[in-house]
Amino acid sequence: MFQLNPLNLPDAWWQHTLMLLTSAFLGFVIAYRKGQLRLFKLIQHIEAGQESLARCQHQDLSAAVAILGDDLKKIEGIGPQIEKLLQQAHIWTYQALSLTSVEAIQHILDAAGPGFQMHDPATWPKQAQLAHRGLWDELLEWQLRLNGG
């Protein structure tokens with residue numbers, strides 16, 4: 001079996017103690033350095049996350065609304081298929097629809113085929129303007145007076 005004192009030296013105990021203390025010290029130093037490195041990386045990761053959060057908090061939310069878009073189906077005369085056509089033409093929001101001319105909207109409908117040519121977009125920009133401004137009561141009142149578009 002393994003002998004701790006292969007040469008049978010009478011004072012080998014201090015050599016063993018010295019080796020044990022040296023290896024314990026080296027193990028501690030290595031573990032400490034690895035822990036410090038891991039801690040440094042975690043701190044960097046947290047700081048990067050805080051910077052990203054700060055940038056997000058200071059961004060204009062209008063860009064996010066433009067990406068998500070508005071529910072254009074709330075406009076009288078616009079259904080799911082017409083909403084998809086408008087989105088394909090990069091009209092995602094009430095504001096974008098309110099700034100689009102009736103002729104441009106009619107061109108989008110005409111290009112989509114005969115199934116869409118019967119729709120009349122004459123009031124859509126005005127309805128979209130009311131929706132964009134948040135005047136939902138006025139929009140609803142106007143839509144009740146309209147007859148399908």
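**Notebook: helices, core and a surface patch**

I began with burial: 21% of the protein's 149 residues count as buried. Buried is under 20% relative accessible area, exposed is over 50%, and partly exposed lies in between (1.4 Å probe, protein chains only). The model is predicted, so I note that local features need pLDDT of at least 70, side-chain atom pairs count only at pLDDT 80 or more, and totals for chains, interfaces and linings use all residues. Numbering starts from 1 along each chain as its sequence is written, and side-chain values use heavy atoms, with hydrogens and water left out.

**Elements.** I found seven helices and zero strands. The order from the N terminus is α-α-α-α-α-α-α. Helices (H or I, at least four residues) and strands (E, at least two) are DSSP runs, numbered from the N terminus.

**Contacts and area.** I took contacts with a separation of 6 or more; 43% of these join residues 24 or more positions apart. Contact means heavy atoms within 4.5 Å. The protein exposes about 11,400 Å², and carbon and sulfur atoms supply 62% of it. Areas come from the Shrake-Rupley method with a 1.4 Å probe; for residues, only the protein chains shown count as cover.

**Core.** I looked up the largest nonpolar core, which has 20 residues. Such a core is a set of buried Ala, Val, Leu, Ile, Met, Phe, Trp, Tyr and Cys residues joined through side-chain atoms within 4.5 Å. I75, I78, I82, L86, L97, L109 and W124 touch the most other members. Two or more residues each come from helix 3 (80-88), helix 4 (94-98), helix 5 (102-112), helix 6 (124-133) and helix 7 (136-145). Helix 6 gives the largest share, four residues.

**Helix 3.** I checked its two sides. I82, E83, L85 and L86 are buried. They lie on the same side of helix 3 because they cover an arc of only 160° around the axis. The arc is that of the directions from the helix axis to the C-beta atoms. P80, Q81, K84 and Q88 are exposed on the other side. Helix 4, helix 5 and helix 6 are among what covers the buried residues. Just after helix 3, H90 takes a positive phi of about 65°.

**Surface patch.** F25, L26, F28, V29, I30 and Y32 form a nonpolar patch with about 640 Å² of accessible area together. Nonpolar patches join Val, Leu, Ile, Met, Phe, Trp and Tyr side chains within 5 Å, using residues with over 30% relative accessible area and no salt bridge (a side-chain nitrogen of Lys or Arg within 4 Å of a carboxyl oxygen of Asp or Glu). I30 lies in helix 1 (residues 13-57). I30 is exposed, at a relative accessible area of 53%.

Note on methods: Patches are made of residues with over 30% relative accessible area and no salt bridge: like charges are joined within 9 Å, nonpolar side chains (Val, Leu, Ile, Met, Phe, Trp, Tyr) within 5 Å.
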